[in-house]
Amino acid sequence: MKGVLDICLVFFMLYTPGVLSLSTHVAVIYPQDPVLRMGSTLTASCWVHPDLGVHASSLFWTLNGQPLPGSMYRVLSPTNLSVTLAGLNASRQTSGDNLVCHNHKGHILAGSCLYVGMPPEKPVNLTCWSRNTKDLTCSWAPGGKGETNISTQYTLKYKLRWYGKEKECEDYTHTQPYSCSITRDLHLFTPYEIWVEASNQLGRAASDVITLDILDVVTTDPPSGVSVSRVGQLEDQLSVRWEAPPALKDFLFQAKYQIRYRLEDSQDWKVMDDVGNQTSCRLAGLRPGTVYFVQVRCNPVGIYGSRKAGIWSEWSHPTAASTPHSERLMSGSCDSKSSGDSNSTLRRELKQFFGWVRKHAYGCSSMSMKLYDQWRVLMQKSHKTRNQVLQGDKS
């Protein structure tokens, strides 16, 4: 905060009538507010009016409030003191570095802002997308190291490929840095040429031109109405249902969906890519008695006949549900050795077969899930019956 106050104080003093007014010529620094490349050398002169009665040898310089050593000074005349700054570093702020000339009492006589930086490099990673075909938003990254250290302007330009006039994007209020949204006079079924130009007082640079059709870069709102529920008493499954994005309900396209889910106490998501265009899916192989968070997203494929896949939407808000508790866990351990070798063999065979079924039933295939359901019910009934028999023997 102190640095900001210092800058404000300097400029207030500089532009106070009678201090830097060219009509009174109390004191002047030349050059005034120069823009320089990093590493360059600057020689600045502080000229004071003879009527001020101040000799140049009594003056001194500061840079950002720090006195500069006298070895950098040179008295050019009784009213003119210069300072030479070699190998200039980048400006500390875009508002410039303050180079100030003082009298022997420390009072400010004149000041200048130094803008030290680099010309922009070619912008890179230009990417565009259209939300529900209602706009066209593009983002990019500055070229090179990305920081010019002086004020640099980025302009997104575009035109229809064959006959359009060059236009400039106007809406830079997008939440992402280095981005702009085109919201008016959009044309479907027509390629656009789009590029970014960067410019500052030291130079300019343009990105590569990309060509795209809005229909090829459509992204949707996330699927709506996402719900997650139990599948009866099946302890390791959850059913997920959702609705297609409402903004595209009248559009001609086929949607692809992805599901991801995680444990309540974990940040690691597991993604299911084989959902296809159906709006429901069964998650299998889950932990019994566990809370899961589930999200769904959409990709509009072939919208209005486009030959390119769309862009994945953002994920829906997380929806939580828990799997039922395992009956085996709730009833305690019932695998008594007295149950007989035949039961042990049966359990082992069922376990092996169940492992195979579970492996092949994972995913959203209705046929595999039907087979999986049948064997899960059979296994649970087998465990329940065995537990009742063992508890009856104990009583």
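In this predicted model, Tyr154 is buried, with a relative accessible area of 13%. That value falls under the 20% limit for a buried residue. Tyr178 is partly exposed, because its relative accessible area of 36% lies between the limits of 20% and 50%. The structure holds five aromatic pairs. One of them joins Tyr154 and Tyr178. A pair of aromatic rings is described by the distance of the centres and the angle of the planes. Here the ring centres are 5.3 Å apart and the planes stand at 75°, so the pair is edge-to-face. Tyr154 belongs to strand E12 (residues 153-160). Tyr178 sits in the loop between strand E13 (167-168) and strand E14 (179-182). The pair therefore ties together parts that are 24 residues apart in sequence. Elsewhere, Arg260 lies over the face of Trp269, at 4.3 Å from the ring centre.

In soluble globular proteins, nonpolar side chains tend to be buried together. The largest nonpolar core in this model has 24 residues. Within this core, Leu59 and Trp61 touch the most other members. At least two core residues come from each of strand E1 (27-30), strand E3 (42-48), strand E7 (80-85), strand E8 (97-102) and strand E9 (108-117). A second, separate core has 20 residues, including Trp242, Ala255, Val275 and Val296. Beyond its neighbours within four places in sequence, Leu59 is in contact with several residues, among them Cys46, Val48, Tyr73, Leu81, Cys101 and Leu109.

Strands of a sheet pair through backbone hydrogen bonds, either parallel or antiparallel. Five strands form an open sheet in the order E2-E9-E8-E4-E5, with mixed pairing. Strand E2 (35-37) and strand E5 (66-67) are the edge strands, and each pairs on one side only. E8 and E9 run antiparallel and are joined by six bridges. Cys101, a contact of Leu59, has Ala110 in E9 as its bridge partner.

Strand E24 (residues 291-301) is largely enclosed by the rest of the structure, because eight of its 11 residues are buried. E24 pairs with strand E21 (residues 254-263) in the antiparallel sense over 10 bridges. In this pairing, Lys256 stands opposite Asn299 in E24. E24 also pairs with strand E25 (residues 319-322), again in the antiparallel sense, over four bridges. There, Tyr292 stands opposite Ala321 in E25.

Technical notes
Residues numbered from 1 in each chain as written. Predicted model: local features only at pLDDT ≥ 70, side-chain atom pairs only at ≥ 80, totals over all residues. Heavy atoms only, no water. Core = buried A, V, L, I, M, F, W, Y, C linked by side-chain atoms within 4.5 Å. Buried < 20%, exposed > 50% of the residue type's maximum accessible area, 1.4 Å probe, protein only. Contact = heavy atoms within 4.5 Å. Phe/Tyr/Trp six-rings, centres within 6.5 Å; stacked < 30°, edge-to-face > 60°. Lys NZ or Arg CZ within 6 Å of the ring centre and 35° of its normal. Pairing = 2+ DSSP bridges.
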